[in-house]
Amino acid sequence: MQACNVSGIQACIKAISSRAKTYARLGNYRLLVRLLVSTKEFRQLEFIFDIVAGQRKLGLFMEAVPEHDQDLKYALDEYMRANHSSDMDRLVATYKQFEMHREVGELLRDRALARMGTMAGTAGDEMRVLVVQLFIQAAKYFLKEDCFQKAFSCLQSADGLLQNVESGSRP
């Protein structure tokens, strides 16, 4: 059974918080990453993500973390969606960098579904083909993560749209 000293953890978080700007000013981003990863206090020290992401140095997390640290991946996903959801290119690049294939698949699938929702019978074949491509790309990323049901669902959606394009009918 593990126990922890809550007041000690709070003291660490307070110390890190008070020194973080100094470390950032000195360009000591590796130390900031190490502190965040070591404490695993991703929510309370979220501002470190801001500092590191602002300097485009998220790759430092790759060096500081074991290859399959799911806690960091969840925290990074949560941070990116909350703070950079409008920048699709940045999201995809970050997710690819951390081999977060399921998250890329979800982004692409959600984008395809959103575009499909706006089509509502008025879109041309070019728009349908674009949505089909998004579904196919999403399926590829889901397969990389062994999310077979999600991949199959995307391929079914793409197939349905392709059949609509070929027959000239509207969804």
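This is a predicted model: local features need pLDDT of at least 70, side-chain atom pairs count only at pLDDT 80 or more; totals for chains, interfaces and linings use all residues.
Figure 1. F42 has a relative accessible area of 10%, which is under the 20% cut-off, so the residue is buried. The structure holds 3 aromatic pairs. In one of them, the ring centres of F42 and F49 are 6.4 Å apart and the planes meet at 25°; this pair is therefore stacked.

**Figure 2. The ring pair of F49 and Y79.** F49 has 1% relative accessibility and counts as buried. The rings of F49 and Y79 are stacked, because their centres lie 5.1 Å apart and their planes are at 25°. F49 belongs to helix 3 (residues 46-54) and Y79 to helix 5 (residues 70-84), so the pair ties together parts that are 30 residues apart in sequence. Both F49 and Y79 are buried.

**Figure 3. The aromatic cluster.** F42, F49, F61 and Y79 are linked into a cluster by ring pairs. Among its members, F42 and F49 form a stacked pair, as do F49 and Y79.

**Figure 4. K40 in the loop between helix 2 (29-39) and helix 3.** K40 is not a glycine, yet its phi is positive, at about 60°. With a relative accessible area of 38%, K40 is partly exposed.

**Figure 5. R56 in the loop between helix 3 and helix 4 (60-64).** The phi of R56 is near 55°, a positive value in a residue other than glycine. R56 has 63% relative accessibility; this is over 50%, so the residue counts as exposed.

Notes. Residues are numbered from 1 along each chain as its sequence is written. Side-chain values use heavy atoms; hydrogens and water are left out. Rings of Phe, Tyr and Trp (its six-membered ring) pair if their centres lie within 6.5 Å; planes under 30 degrees apart count as stacked, over 60 as edge-to-face and the rest as tilted. Buried means under 20% relative accessible area, exposed over 50%, partly exposed in between (1.4 Å probe, protein chains only). Helices (H or I, at least four residues) and strands (E, at least two) are DSSP runs, numbered from the N terminus.
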